[in-house]
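This report covers the disulfide bonding and one of the sheets in the structure shown below.

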Amino acid sequence: QVQLVESGGGLVQPGGSLRLSCAASGTISSINTMVWYRQAPGKQRERVATIFSSGRTNYVDSVKGRFTISRDNAGNTVYLQMNSLKPEDTAVYYCNADIRSGSTLYYTPYWGRGTQVTVSS
């Protein structure tokens with residue numbers, strides 16, 4: 001059984017910082033791409049930041065220069081460092097990862113349950 005668990009959300013003032021973490025656990029053989037999404041009330045889920053197994057990253061334009069995605073050396077935990085936060089960053093942030101578990105030969109997408117980020121004074 002594979003699980004993704006996010007942590008690190010909370011309430012922060014505009015201009016502040018938060019660091020989100022997403023840890024994958026279970027019978028994991030390998031993890032390919034890891035992604036942070038977010039969904040604000042009344043809006044569609046948005047892909048925020050991606051890190052590929054190669055280490056290459058990309059970001060939605062609205063967070064470029066403010067957010068940084070990274071992975072730990074084991075590759076099972078992904079982070080999202082969020083700086084210069086704005087009220088429009090308020091959303092539930094979800095972790096997504098393509099994971100090969102056990103002896104399977106294919107990758108399956110898994111989702112975490114999300115963590116709330118609220119940017120408000």
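In this predicted model, C95 is buried, with a relative accessible area of 0%. C22 is likewise buried, at a relative accessible area of 0%. Both fall under the 20% cut-off for relative accessible area, so they count as buried.

| C22 | β3 (residues 18-25) | 0% |
| C95 | β9 (residues 91-101) | 0% |

A disulfide joins C95 to C22, with an S to S distance of 2.1 Å. The two sulfur atoms are within 2.5 Å, so the pair meets the rule for a disulfide. By that rule the count for the model is one disulfide. Because C22 sits in strand β3 and C95 in strand β9, the pair ties together parts that are 73 residues apart in sequence. The angle about the S-S bond is -80°, and the link of C22 and C95 is left-handed.

Strand β3 also belongs to a sheet. This open sheet has four strands in the order β1-β3-β8-β7, and the pairing is antiparallel. Its edge strands are β1 (3-7) and β7 (67-71), each of which pairs on one side only. On average, neighbouring strands of the sheet are turned by 15° against each other, direction ignored.

At one edge of the sheet, β7 runs antiparallel to strand β8 (residues 77-82), and five bridges join the two. In this pairing, F67 stands opposite M82 in β8. In general, strands of a sheet pair through backbone hydrogen bonds, either parallel or antiparallel.

Key: Residues are numbered from 1 along each chain as its sequence is written. This is a predicted model: local features need pLDDT of at least 70, side-chain atom pairs count only at pLDDT 80 or more; totals for chains, interfaces and linings use all residues. Side-chain values use heavy atoms; hydrogens and water are left out. Buried means under 20% relative accessible area, exposed over 50%, partly exposed in between (1.4 Å probe, protein chains only). Two strands pair if DSSP finds at least two bridges between them. Axes are lines fitted to C-alpha atoms, for helices over the stretch in contact, and angles run from 0 to 180 degrees between N-to-C directions.
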